[in-house]
Amino acid sequence: MTHDLKRTYFILLLPAVAGFVLIFALQHFHLVNFNISQIPPVLYPVIFIASVCFAVAFPIFYRTVFANKRRHQTHTAEEDWLKFERNLLYIALVTPYVCLIAQILKLPRFHLGGTIIMALYAVYYYYPSKKRIDYERRIFRVKA
């Protein structure tokens, strides 16, 4: 189970990491110049807010909805809980892709820095470690 969640985590994360490496290499060696100056400045905070939503707000909302559905039950089926965990990973790991977009669009330092911090938070916090999985299994009273 932990292995399946880790596999899902890395399948979602590796393309974003590869995209960052590729963009860095392309910009460092001046192979491609992403000079997108036509983007309106109103999109800077929109991209930053999207990263905050995907890293913090949407996962908390999804977790609350899941817990609210289970509040009168004495236990949670393992299949339902695994589906919840996978969906939580899907939601949270959108943030590195939003950060990749921010990097390509060359947002100002403040918005880019905030987006990078949100991506790092999502990648760190939602990593399916054994300790975190055991903790969540206890919270939701998961029965095999």
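1. How do the residues of the lining of the largest pocket divide into nonpolar, polar and charged? In this predicted model, 10 of them are nonpolar, one is polar and none is charged. The residues concerned are L13, A16, V17, F20, P96, C99, Q103, I116, A119, L120 and V123.

2. The volume of this largest pocket is about 170 Å³. Three helices, α1 (2-28), α4 (95-105) and α5 (109-125), each contribute at least two residues to its lining.

3. Helix α6 spans residues 130-139, and its buried residues are R132, I133, E136 and R137. These lie on the same side of α6, because they cover an arc of only 135 degrees around the axis. On the face turned away from that buried side, α6 carries the exposed residues K130, K131 and R138.

4. The cover over the buried residues of α6 includes the helices α1, α2 (43-69), α3 (78-92) and α5, together with β2 (142-143). After α6 comes R141, which has a positive phi near 50 degrees.

5. Which side chain meets that of E136 in a salt bridge? The partner is R63, at 2.8 Å from N to O. Since E136 belongs to helix α6 and R63 to helix α2, this pair ties together parts that are 73 residues apart in sequence. E136 is buried at a relative accessible area of 4%, whereas R63, at 25%, counts as partly exposed.

6. A salt bridge also joins the side chains of E78 and R137, at 3.3 Å from N to O. Here helix α3 supplies E78 and helix α6 supplies R137, so parts 59 residues apart in sequence are tied together. Are these two residues, E78 and R137, buried or exposed? Both are buried.

7. R132 pairs with E85 in a salt bridge, with 3.6 Å between the closest N and O atoms. R132 is in helix α6 and E85 in helix α3, so the pair ties together parts that are 47 residues apart in sequence. The relative accessible area of R132 is 12%, which makes R132 buried; E85 counts as buried at 2%.

8. How many salt bridges does the model have by the rule used? The count comes to seven. A network of salt bridges links R63, E85, R132 and E136. Of these, R132 and E136 are among the buried residues of α6 described above.

Note on methods
Residues numbered from 1 in each chain as written. Predicted model: local features only at pLDDT ≥ 70, side-chain atom pairs only at ≥ 80, totals over all residues. Heavy atoms only, no water. 1 Å grid on protein atoms, 1.4 Å probe; cavity = no way out; pocket = protein on both sides within 12 Å on 5 of 7 lines; lining within 4 Å. Points joined across faces, edges and corners; volume = space filled by probe spheres on them. Helix = DSSP H or I, 4+ residues; strand = E, 2+ residues; numbered from the N terminus. Nonpolar A, V, L, I, M, F, W, Y, C, P; charged D, E, K, R; others polar. Buried < 20%, exposed > 50% of the residue type's maximum accessible area, 1.4 Å probe, protein only. Arc of directions from axis to C-beta. Contact = heavy atoms within 4.5 Å. Salt bridge = Lys/Arg side-chain N within 4 Å of Asp/Glu carboxyl O.
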